[in-house]
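Please keep the structure open while reading.

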Amino acid sequence: MRIGEASAASGVSARSLRHYEDEGLIVPSRFSNGFRDYCQSTIDRVLVIRSLLESGLPVRLISQALPRPTDGSDAGTDAVCAEFLHEVQSYRDRLAARIAVLSDQRAALDAYLRKARRTDRRTGP
């Protein structure tokens, strides 16, 4: 299928499909006229990539950890999967640490606002 059809089938813009290709995440075949030809397995891969991106993983991590689409063999798939899972866990842990810091900051701001409102009520008109 051509890029417009692939975009509709995957829910990903044509621009994103080109970006995924530039990053080496997908490798569509080409028609004789040079137009991209997306097969169903490429669309399935795009859906995985989209899901990972929506989960907050950066393209850099996805491109480093996912098996290359041109590999063709399953050699090393278990190792890649284990490494990828480790990277995802590490990313999740860093995200959890950032959330904890932000939660502490929010709690401090809440405390400040409560105190400021009590003070404002006492000194108001």
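**Helix packing and core**

Helices α1 and α2 are roughly perpendicular to each other, because their axes cross at roughly 100° and angles of 65 to 115 degrees fall in that class. The two axes come within 9 Å. On the α1 side, the contact is made by Ile3, Ala6, Ser7 and Ser10, and on the α2 side by Ala14, Leu17 and Arg18. Sorted by class, the residues of this contact are four nonpolar, two polar and one charged. The model discussed here is predicted.

One of the α1 residues in that contact is Ser7. Is serine 7 buried or exposed? Its relative accessibility is 18%, so serine 7 counts as buried, the cut-off being under 20%. Apart from neighbours within four places in sequence, serine 7 touches Val12, Ser13, Ala14 and Leu17. Of these, Ala14 and Leu17 also belong to the α2 side of the contact between α1 and α2.

Helix α1, residues 3–10, also packs against helix α3, residues 40–54. Two packed helices are described by the angle between their axes and the distance between the axes. For α1 and α3 the angle is about 50° and the axes are 10 Å apart. That angle makes α1 oblique to α3. The crossing of α1 and α3 is right-handed. Ala6, Ala9 and Ser10 of α1 meet Ile43, Val46, Leu47 and Arg50 of α3. In this contact of α1 with α3, five residues are nonpolar, one is polar and one is charged. Ala6 and Ser10 of α1 take part in the contact with α3 and also in the contact with α2.

Next comes the core. In soluble globular proteins, nonpolar side chains tend to be buried together. In this model, the largest nonpolar core holds 20 residues. Which of them touch the most other members? They are Leu17, Tyr20, Ile26, Tyr38, Ile49, Leu57 and Ile62. Each of α1, α2 (14–22), α3, α4 (59–65) and α5 (77–123) supplies at least two residues of this core.

Not counting residues up to four places away in sequence, tyrosine 20 touches Val12, Leu25, Ile26, Val46, Ile49 and Leu53. Among these, Ile26 and Ile49 are, like Tyr20, in the group that touches the most other core members, while Val46 is one of the α3 residues in contact with α1.

Phenylalanine 31 lies in the loop between β1 (29–30) and β2 (36–37). Its relative accessibility is 34%, so phenylalanine 31 counts as partly exposed. Outside the four neighbouring places in sequence, phenylalanine 31 is in contact with Arg2, Arg36 and Asp37.

The protein chain has five helices and two strands, and from the N terminus on its elements run α-α-β-β-α-α-α. Of its 125 residues, 22% count as buried. Among contacts between residues at least 6 apart in sequence, 51% join residues at least 24 apart.

Terms used: Residues are numbered from 1 along each chain as its sequence is written. This is a predicted model: local features need pLDDT of at least 70, side-chain atom pairs count only at pLDDT 80 or more; totals for chains, interfaces and linings use all residues. Side-chain values use heavy atoms; hydrogens and water are left out. Axes are lines fitted to C-alpha atoms, for helices over the stretch in contact, and angles run from 0 to 180 degrees between N-to-C directions. Helices (H or I, at least four residues) and strands (E, at least two) are DSSP runs, numbered from the N terminus. Angles under 35 degrees count as roughly parallel, over 145 as roughly antiparallel, 65 to 115 as roughly perpendicular and the rest as oblique. A crossing is left-handed if the near helix is turned anticlockwise from the far one by less than a right angle, and right-handed if clockwise. Contact means heavy atoms within 4.5 Å. Ala, Val, Leu, Ile, Met, Phe, Trp, Tyr, Cys and Pro count as nonpolar, Asp, Glu, Lys and Arg as charged, and the others, Gly among them, as polar. A nonpolar core is a set of buried Ala, Val, Leu, Ile, Met, Phe, Trp, Tyr and Cys residues joined through side-chain atoms within 4.5 Å. Buried means under 20% relative accessible area, exposed over 50%, partly exposed in between (1.4 Å probe, protein chains only).
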